Amino acid sequence: MTKHTIVALVEDRPGVLNRIASKWRQRGFNIESLAVGHSEMAGLSRMTFTVDGTTTDVDQVTKQMYKLIEVVKVTDLTEHDMVHRELALVKVAANPQQRSAIIEIVDIFRAKIVDVAPESLIIEVTGTEDKIDAIFEMLRPYGIKELVRTGRIAMTRGAAAPTSVDGGKGEHHRYRPAGEGKPKVGSLL
Amino acid sequence: MTKMTGAQIVMECLAREGVEYIFGIPGGANLPLYDTLPQYPQIRHILVRHEQAAAHAADAYARVTGKAGVCWATSGPGATNLVTGIANASMDSVPLVCITGAVVSWLIGRDGFQEADITGITIPITKQNYLVLDVDDLAQTVREAFHIATTGRPGPVLIDIPRDIQQQQTEFHYPEKVDIPSYRPVTKGHPGQIRKAAQLIAEAERPLILAGHGVVLARAYDELRELAERAHIPVICTLLGIGGFPGSHELYLGMPGMHGMYWNNIAISEADLIIGIGMRFDDRVTGRLKDFAPNARIIHIDVDPAEIGKNVRTTVPIVGDVKEVLSDLNPLVQPARHDAWCRHIQEIRREHPSITIPNVDKVLPQFVIKKIYELSGPDAYFVTGVGQHQMWAAQFFWGDNPGSFVTSGGLGTMGFEVPAAMGVQFARPKDLVWSICGDGGFQMTMQEMATIVEHELPIKFAIINNGHLGMVRQWQHLFYDDNLQAVRLFHPDYVKLAEAFGAAGLRVTDKIEVEPAIEKALRHPGPVIIDFHVEQHEDIYPMMPPGASLAETVDQPEAEREAKPEKVRSS
């Protein structure tokens, strides 16, 4: 397995993303995708990123990230039984004659059409990277106008929550469950 | 509860941290801090002449005292001038708290006069940094800064405070406790790992200890000595580890690596166990990594988990504070003798003495440095710059005074020697402080002579003046076909320069003058500069060529000239 899926829990504070990116660049880590958003705890964001294990020492990625004060927890999910997904929006050229063929593809992939215009459609598709690659290839002949992908997000199967603080019990006073009071600062940038 | 300004809150926190000295320079963005100085007479502000010197002085003060050093500067150029000093402290894991004034908060990001994004600039060279935009966060931030700087693997922390935040008023609440849930450095080693380490030590026939800066930073002198004596293991100290183990001890072997003792580099290659203690297997120590200690299992003790496995494969890693780990390890270590192994190393040492000084009439730099050590007594401190003189100073240091060798290791910052000596002398006002300077490095920071004379610091400066950027000259000589470019160094009349600053100046051009000049300097109550005109083309040996392995170390130049085959590329 060369592609590693790593989940990091980080404090929502200005500059944190900058610090993390700076660390990756400084140490020459080859990060392939990155997705960040709020977590279940106010004041904490969860980021999922993937690293190519053939070019990057994954152990060092974890250790170097822990050196950053705002990084609370880093978990390599690669060996875990996990669910991982990516979301993509595809704007594809579609005149009225082509639409039904495209809708057929959308149905096969269990994707959704979220915008219709006279000469185009926006398709929302969720799945593994392979699935998105596949629908992309199927749609390509119609003319792809734009593609945007979120990068992988991932979670382990089962009740355990290894990427959370204290396994998800949220015992620490500094972090509150989301919704109980608003986070002090809500931006990583 | 009385209200305080942001500036007062900063000073109050510094006072409660026990700060004695702040090295700095005022400017528009930190004037509110200066405005509060008279209210805190227990804290002395030292006006330096360049902010780089403020950082180096605070750095050296921290190395000697074990407390965080404090420096500050104004925004923009004041802050950016600190950068080299911060990077130096970062590479050598020195606790430093740097406070910079920033432009008023509403001008941030608008390229205001003297604005620099110093938190952005210093991200890679600080352990943590802060831009404080709320006066109510100040006390907590300063408290955290000292906590982070001094715990775990120490390092520099920068706090950037806009001028208006320094002026705003608020109620002061001192956070008695610091609790950063995402920052819990491990200090106690894992008992299972410690047991395994003891087992490896018991099995070893040819063990070696490689002690680094971590021993000095953790003040683990006694624990290291106990381990070495208990299991009869020879001790090698890295450049920054020098002073972590008594130089006169029969188990002490000196420095390893690029300009280390030949016997050490061979012994490392032959050892069956390397115990790395508070060190990071830097390339100047290991040489070509794949050939480093090919026969050895490796125990690596370090407080920073990221150092484990970063450069070398490790058999038994132990993450923890060196002092605590050794205290737990020592009782488990079986007493042993390794007489045959020690004898073997001493035989290599006899055949390749590495640091014999040729008996010639010329003033050899290593002769000067050795004489300084001999004449300075057991309690002196020695500060060096970077380059040939530094390597000679390291090679010939066999003193016993713990933590008395202060040098710029990781970053290799020329010019460190002058302001760092100042920091050491402030920390140790009663002790003798030598600054062993390169003529290149001295000219980089000699403006601080003004500060030194102003404060009557009786530092003795030995300029090892070879009229060259000596280490660069040596590399051009060895690896660039002797094509000497930009290494000849014009220099001022250092005696007159000393006098111009108000210090005493001496010049030595003959070997017989070396000792009398040192003695004269030692008798003089104030600062002295001795300009030693030394042999210009003396190379430093032993030398492990860049890119080579430790086993390929060249002991002496003659051997090197005979054996020198093809050009070796620099790295």
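Which residues line the largest cavity? In this predicted model, whose local features need pLDDT of at least 70 and whose side-chain atom pairs count only at pLDDT 80 or more, totals for chains, interfaces and linings use all residues. Residues are numbered from 1 along each chain as its sequence is written, chains are lettered from A and ligands numbered from 1 in the order in which they are written, and side-chain values use heavy atoms, with hydrogens and water left out.

The lining consists of Arg63(B), His213(B), Val216(B), Leu239(B), Leu240(B), Ile242(B), Gly403(B), Phe405(B), Val406(B) and Thr407(B). A cavity here is a set of points, on a 1 Å grid over the protein atoms alone, where a 1.4 Å probe fits but cannot get out, and lining residues have an atom within 4 Å of a point. Searching the whole structure gives one cavity of 30 Å³ or more, and the volume of the largest cavity is about 80 Å³; grid points are joined across faces, edges and corners, and a volume is the space filled by probe spheres set on the points. Six residues of this lining are nonpolar, three are polar and one is charged. In this count, Ala, Val, Leu, Ile, Met, Phe, Trp, Tyr, Cys and Pro are nonpolar, Asp, Glu, Lys and Arg are charged, and the others, Gly among them, are polar.

Chain B is divided into domain 1 (3-171), domain 2 (191-351) and domain 3 (365-533), with bounds from an automatic or database domain assignment. Domain 2 and domain 3 of chain B each give at least three residues to the cavity lining. Helix 10 (213-217) and strand 15 (405-406) of chain B each supply at least two; helices (H or I, at least four residues) and strands (E, at least two) are DSSP runs, numbered from the N terminus.

What about domain 1 and domain 3 of chain B? Their C-alpha centres lie 29 Å apart, and 23 residues of domain 1 of chain B are in contact (heavy atoms within 4.5 Å) with 25 residues of domain 3 of chain B. Together they bury about 1,900 Å², 67% of it on carbon and sulfur atoms, where buried area is the accessible area (1.4 Å probe) that two parts lose on being put together, summed over both. Arg49(B), His56(B) and Val64(B) supply 30% of the area on the domain 1 side, more than any other three residues.

Between the chains, 21 residues of chain A are in contact with 21 residues of chain B. The area buried there is about 1,700 Å², with 47% from carbon and sulfur atoms. On the chain A side, Arg19(A), Lys63(A) and Ile69(A) lose the most area, together 36% of what that side buries.

Ser93(B) sits in the loop between helix 5 (83-91) and strand 5 (96-102) of chain B, and Asp482(B) in the loop between helix 21 (470-479) and helix 22 (494-501) of chain B. Ser93(B) is buried, with a relative accessible area of 8%, whereas Asp482(B) is partly exposed at 41%; buried means under 20% relative accessible area, exposed over 50%, and partly exposed in between (1.4 Å probe, protein chains only).

Technical notes. 1 Å grid on protein atoms, 1.4 Å probe; cavity = no way out; pocket = protein on both sides within 12 Å on 5 of 7 lines; lining within 4 Å.
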